[in-house]
Amino acid sequence: KNDPRIEAPGSRVLGGFLSRKLLLFHKSSVHMALGDFKSAMRDLSDALKIDAGFTLARESRACIWTSNSMKSDKEIYQEFRRVVSERHKDDRVMEVAYAVLTLKTMNNSSLGTVADARLFYEKMKQSSERRDEIYGQRARNEVPSLVKLAHEAMSQSRGMEVYDMLGLERVGRSSHGKTKYSCLKCGATKCADGSKLFVCTKCDAVHYCSASCQKNDWADHKHSCKLLKKEAAEEKAAAARKKSEDDAVAKKSEDEANARADQAAADLLAELDMESGAADKGKKKVKKKKKGKKK
């Protein structure tokens, strides 16, 4: 660990070109392959103490934090913000960095608005397109899971801007993938008896931990309750229209398929009738020939 020869050009240790920060980085890769993420994180942190501008180590450490929930959303967010500012825009890892920024911003209102998350998402899509253009098109199963999660999160984000407009906490997802809510009044994530929070029955959007919190918050919430209810109704109507359109398209496709099948059956019957008629004519000709021979 403290061998002074490692960075000495004339020492010929591993060819005499391996710097201590690179040794720590490769050591972290071995630890990650063995599933020892804590040791890998220590190696990367030591490498960053030597060179704070060693972005590759910073990015790897941030990925470990994200995948193992070792740090807060804010710390992970700040780390990836630094990564995207230091890496080249065409680097293949940029799509993952922007995917994490998208997810963290969507899940934590203190990190930015929905509009900020959409901006990160657009940059992620641009990075993905650029990555495929430079390194070759990938199959769907080769796309990083964080990128897929960002696509899913943004597809479900319609109407969430209203939370930012009203100053409400957005509903996010915890690191374990389960939906996490908080009481709009006090911020509690569970009721006093440990049960789940209950939802406002009028807007079906905000949650409370007790009737007392709901009552004390009504003076503020009543102004947004109608708006949230209207937004929910519009989303429900839009979903119903889409389902109706999808059903109509499916029905049309089914009718067309049935029509083609009926036509094919009719053509087959006609062909069989023609073959049967031709066979009957052949039999008649054979009978006539036989009669002619007898005469």
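## Salt bridges across the model

A search of the whole structure finds 18 salt bridges, each being a side-chain nitrogen of Lys or Arg within 4 Å of a carboxyl oxygen of Asp or Glu. One of the pairs joins the side chains of Glu95 and Arg138, with an N to O distance of 2.6 Å. Glu95 lies in helix 5 and Arg138 in the loop between helix 6 (114-135) and helix 7 (145-155), so this pair ties together parts that are 43 residues apart in sequence. Before going further, please note that this is a predicted model: local features need pLDDT of at least 70 and side-chain atom pairs count only at pLDDT 80 or more, while totals for chains, interfaces and linings use all residues. Residues are numbered from 1 along each chain as its sequence is written, and side-chain values use heavy atoms, with hydrogens and water left out.

Are Glu95 and Arg138 buried or exposed? Glu95 is buried at 2% relative accessibility, and Arg138 is buried as well, at 14%. Here buried means under 20% relative accessible area, exposed means over 50%, and partly exposed lies in between (1.4 Å probe, protein chains only).

## The chain as a whole

Nine helices and four strands make up the secondary structure of the chain. These elements are DSSP runs numbered from the N terminus, with helices (H or I) of at least four residues and strands (E) of at least two. Their order along the sequence is α-α-α-α-α-α-α-α-β-β-β-β-α.

Of the 295 residues in the chain, 31% are buried. The chain exposes about 19600 Å², and carbon and sulfur atoms supply 53% of that area; such areas come from the Shrake-Rupley method with a 1.4 Å probe, and for residues only the protein chains shown count as cover. Looking at contacts (heavy atoms within 4.5 Å) between residues at least 6 apart in sequence, 48% join residues at least 24 apart.

Helix 5 covers residues 94-107, and its 14 residues reach 20 Å from the first C-alpha to the last. That is close to the 20 Å expected at 1.5 Å a residue, where the expected span is 1.5 Å times one less than the number of residues. Helix 5 is largely enclosed by the rest of the structure, because 13 of its 14 residues are buried.

Lys104 sits in helix 5 and counts as buried, at 13% relative accessibility. Which residue does the side chain of Lys104 meet in a polar contact? The partner is the side chain of Asp73, at 3.0 Å. A polar contact is a pair of N or O atoms within 3.5 Å; within protein, one must be able to donate a hydrogen and the other to accept it, and residues adjacent in sequence count only if both atoms are side-chain atoms. Leaving out residues up to four places away in sequence, Lys104 touches Asp73, Ile76 and Leu111.

## Along helix 9

The side chains of Asp247 and Lys243 meet at 3.2 Å, N to O, and the two residues are separated by about one helical turn because they are four residues apart in helix 9. Asp247 is partly exposed at 41% relative accessible area, whereas Lys243 is exposed at 52%. The side chains of Asp255 and Lys251 also form a salt bridge at 3.2 Å, N to O, again across about one helical turn of helix 9. Both partners are partly exposed: Asp255 at 36% and Lys251 at 47%. As background, an α-helix has 3.6 residues a turn, so residues three or four places apart point the same way.

Leu269 is found in helix 9 (residues 211-294) and is exposed, with 54% relative accessible area. Together, Leu268, Leu269 and Leu272 make a nonpolar surface patch of about 290 Å². Patches are made of residues with over 30% relative accessible area and no salt bridge, joining like charges within 9 Å and nonpolar side chains (Val, Leu, Ile, Met, Phe, Trp, Tyr) within 5 Å.

## Two loop residues

Cys191 lies in the loop between strand 2 (179-180) and strand 3 (198-199), and is buried at 12% relative accessible area. Cys191 and Ser210 are 19 residues apart in sequence, with their C-alpha atoms 6.6 Å apart in space. Not counting residues up to four places away in sequence, Cys191 touches Lys196, Leu197 and Cys209.

Ser69 is in the loop between helix 3 (55-68) and helix 4 (73-86). Its phi is near 50°, a positive value in a residue other than glycine, and Ser69 is partly exposed at 36% relative accessibility.
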